[in-house]
Amino acid sequence: MLSKEFNLSTLRALELFAPLTDTELEFLRPQLAVRSVSIGDVLMEAGTPGDELYILLVGEVKVIQGFRTPLETVVATLQPIAVFGEMALLTGELRSATVVATEPSRFMILRRDGLESVLLTYPSVCLTLLR
């Protein structure tokens with residue numbers, strides 16, 4: 001569960017959640033968690049199921065194709081307040097890239113079961129997330 005430091009104003013400052021009503025945000029907030037990682041930690045791997053959406057709060061991550069192969073390519077470097085992992089979460093497809101922390105980082109995470117709980121109660125949130 002998300003700590004009280006993430007009040008409605010804080011959540012609304014994130015572009016992803018800005019259009020949501022106070023009622024929707026209050027319902028969503030307990031579904032969010034915070035996770036910290038170290039340099040080199042792998043957050044998600046290409047070809048695996050996508051059960052989480054991440055919002056980078058602090059730090060930096062690299063999005064990599066062909067991780068640990070001769071064809072390894074960094075396709076993006078993400079800074080705070082980047083959102084990633086949403087496509088696999090929303091579509092059910094496998095992750096398309098590997099994401100690795102390049103410095104100590106902190107994330108807000110929304111898991112699939114939490115998102116489903118919100119969508120069952122507030123279906124309009126789905127349209128907001130897809131925009």
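The entries below go through the sheets, the rings and a pocket in turn.

**Entry 1, ground rules.** I am working from a predicted model, in which local features need pLDDT of at least 70 and side-chain atom pairs count only at pLDDT 80 or more, while totals for chains, interfaces and linings use all residues. I number residues from 1 along each chain as its sequence is written, and the side-chain values use heavy atoms, with hydrogens and water left out.

I looked up the strand order and found an open sheet of four strands, S1-S8-S3-S6, with antiparallel pairing. I take strands (E, at least two residues) and helices (H or I, at least four) as DSSP runs numbered from the N terminus, and two strands pair if DSSP finds at least two bridges between them. At the edges of this sheet are strand S1 (32-37) and strand S6 (83-84), each of which pairs on one side only. S1 and S8 run antiparallel to each other over six bridges, and within this part of the search I noted that Val37 has Ser105 in S8 as its bridge partner.

I then turned to Met108, which is placed in strand S8 (residues 105-111). Is Met108 buried or exposed? Met108 is buried, because its relative accessible area is 1% and buried means under 20%, against over 50% for exposed and partly exposed in between, with a 1.4 Å probe and protein chains only. I also checked Met108 against Ala97, eleven residues apart along the chain, and their C-alpha atoms are separated by 19 Å.

Another open sheet has four strands in the order S2-S7-S4-S5, with antiparallel pairing. Its edge strands, each pairing on one side only, are strand S2 (42-44) and strand S5 (73-78). The twist from one strand to the next averages 30°, with axes taken as lines fitted to C-alpha atoms and angles running from 0 to 180 degrees between N-to-C directions. Strand S4 (residues 61-65) and strand S7 (residues 98-101) are joined in the antiparallel sense by four bridges, and Lys62 stands opposite Val100 in S7.

How many aromatic pairs does the structure hold? The structure holds three, where rings of Phe, Tyr and Trp (its six-membered ring) pair if their centres lie within 6.5 Å, and planes under 30 degrees apart count as stacked, over 60 as edge-to-face and the rest as tilted. One of them is the edge-to-face pair of Tyr54 and Phe107, at 5.7 Å centre to centre and 85° between the planes. Tyr54 lies in strand S3 (residues 52-58) and Phe107 in strand S8, so this pair ties together parts that are 53 residues apart in sequence. Phe84 and Phe107 also form an edge-to-face pair, with 5.9 Å centre to centre and 80° between the planes. That pair links distant parts of the chain, with Phe84 in strand S6 and Phe107 in strand S8, 23 residues apart. I found Tyr54 and Phe107 both buried, and Phe84 is buried too. Ring pairs link Tyr54, Phe84 and Phe107 into a cluster.

On a 1 Å grid over the protein atoms alone, a pocket is an open set of points where a 1.4 Å probe fits, with protein on both sides within 12 Å along at least five of seven lines, and lining residues have an atom within 4 Å of a point. This pocket is lined by 15 residues, with Met44, Gly85, Met87, Ala88 and Ser96 nearest its centre. Helix H3 (86-91) and S6 each supply at least two lining residues, and H3 gives the most, with four.
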